[in-house]
Amino acid sequence: MKYIRGISVKNYRVLRDISIGTITFSPKQNTENPLPFRSGDPLTPLTVVIGRNGYGKSTLYDAFGFIGDCLRSNTEYACTLRGGFDNIVSNGQNKQENSKLEFQILYDDILYTLCIASDKYNIPYVYAETLSHINSAFNTSVSMNFFVSCGEGKVVSPETDSVSDIKLADPRRLVLSTLGNLNQFPDIVKFRQFLENWYLSYFKPDAARATPLSGSQRRLASNGNNLANVIRYWENEHNARLNQLIDEVIKPILGITRIETKTTEDGRLLLRFFETDNNRPFYVSQMSDGTLKLVAYMLLLDDPDPPPFICFEEPENGLYHRLLGIFIDEIRKRCISSGGSQFFITTHQPYLVDALKPEEVWILEKNADGFASVRRASEDTIVRNMAAEGIPLGALWFSEYLDNFDQNNL
Ligand SMILES: Nc1ncnc2c1ncn2[C@@H]1O[C@H](COP(=O)(O)OP(=O)(O)OP(=O)(O)O)[C@@H](O)[C@H]1O
Ligand SMILES: [Mg+2]
C-alpha cells in the first residue's frame, strides 16, 4: 500500500519549519555515511490537524495546493495566486539568504524535495528539486531519479541506468512536470500523476447550485460547481453504484431517496432530489447547504477510482454535529488501507475528533517567535492512556488535554 508517509514544509508563511509523519534529513557534509536518515512515525491513512485560529491549519492545507499549482503551471503563477513570493515566505527571513520555500514529501519509498527561491527580479524559480528512491530499510541506499540545482542537474535513465545532464529552459517550471511527461521515465511519470491527482476541497454550496452546461464529468471540481455533471456521469457510468450509495448512506442520513439530472431546453443540467415518500422533486436551488455538501463529499469518497489524496478543510461547517462521526466512518471504509484514498482534514470540531485515534491527530501550536510547531496527540502518554481506556479524543480536547487554551495568553 503506497501512501504519503510524511511531509515537511519550511518558510511557508506561519510554517517556518514543520513536519508531520516520517521525514528525512540530509546528513552533514563530510560525514562518514552521506545518506539521508529519517525521523518520526509515518502518517496514518487519515490525518487530522487541529489548532487555534491563526495557528496554520489553512496554511498547511494551502501548502498542498501550492505544490499542485507549481506542478500544473509554474512557480511564478503559484506565488502570484497567493500575493507573490514575498507575501508567502515566512516573515522575518533574510530576503537574500534564507528566503526559500522548501517542501519534502515522502511517498512510500519515493522522496521528493522542492525548494523555491526568488531571483533578482523577484520571480520565483526552482532553486532545487530532487526525486529519489530510498530503500525501505533506510540508511542503506538511495537511488536518484533526478536532481536539479539552480537550473542544472542530472537524470538517471532507468533502462540503461545511465546518467544524463539536464538544463532547464524555464526555471519556473518543475522538472517533475517536464520529465514526468516522458514515457522513458515511468517512475517520474507515476509520481507526477500521483501529485497532480491530489484533491483539495473548497466546496461552496452556492457554486454547487449552478446549472452547468450539459455533459458528464468524472471528477468533482474543488468548489463543487460541476455537481450536476458528476451526477450525470454516475447515472451514465455507475448507475447501480449511485443507487446503492443513496440507499445505504445518503437516504439514512439525509432522507433523500433519489437524485437525478434533467437536461433543460437550453442544454443545461438541472439536479433534482427526491425526499422520502414524496414524489415532488426539490431542485438544487432549493436544497440545503449541508445536504449538497454531504452528497458532493460522498460522491467523491465513493468514486470507483478516487483521488489518491483527499483534503477537506473544516468539513464540519454546515453539517449536523452527529453526522461527523458517520462521515469519518465513511472515510475509514474508503481509506487507503481498504484500497481507497489517503485523507487530510483540518477541523475545529470535537465531535469529529471524537471519532479519531491519537496517532491520527496533529496539534498545531504557535511558538513565542510567532511561528507554528506541530505535535502528534499520541506523543502524550496521558492522552494515549486515556484514549486506550475509551475516553473519546474530542472530550479530551474539550477538557484541554490536547491543547492548553490559556485565556490569559490571548
Ligand atoms: N508570511 C507570513 N509569515 C509568518 N506568518 C504568517 C505569514 N502570513 C500569514 N502568517 C500568519 O498565519 C496566520 C494565518 O494562519 P492560518 O490561516 O493557516 O490559520 P488557521 O489555523 O487556518 O486559522 P483559522 O482556524 O482561523 O482558520 C496569520 O494570522 C498570520 O499570523
Ligand atoms: Mg483556517
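Predicted model: local features only at pLDDT ≥ 70, side-chain atom pairs only at ≥ 80, totals over all residues.
**Entry 1: fold content.** I looked up the secondary structure of the protein and found 13 helices and 19 strands. I then checked the radius of gyration, which is 23 Å. The globule rule gives 22 Å for 410 residues, so I noted the protein as being as compact as a globular protein of that length.

**Entry 2: extent.** I took the box along the principal axes. The C-alpha atoms of the protein fill roughly 75 × 55 × 40 Å.

Entry 3: I looked up the share of buried residues, which is 41% of the 410 residues. I also went through the contacts between residues at least 6 apart in sequence, and 57% of these join residues at least 24 apart.

**Entry 4: N11.** I looked at phi of N11, which is positive at about 65 degrees, although N11 is not a glycine. I located N11 in strand β1, which covers residues 4-12. Is N11 buried or exposed? I found 22 C-beta neighbours inside 10 Å; the cut-off for buried is 20 or more, so N11 counts as buried.

**Entry 5: D108.** I also looked at D108, a residue other than glycine with a positive phi, near 55 degrees. D108 sits in the loop between β6 (101-107) and β7 (110-118). I found 16 C-beta neighbours inside 10 Å for D108, so I logged D108 as partly exposed.

**Entry 6: side by side.** I set the two residues together: N11 is in a strand and counts as buried, whereas D108 is in a loop and counts as partly exposed.

How values were computed: Residues numbered from 1 in each chain as written. Chains lettered and ligands numbered in written order. Helix = DSSP H or I, 4+ residues; strand = E, 2+ residues; numbered from the N terminus. Rg over C-alpha atoms; globule rule 2.2 N^0.38 Å. Buried ≥ 20, exposed ≤ 12 C-beta atoms within 10 Å, placed from the backbone. Contact = placed C-beta atoms within 7 Å.
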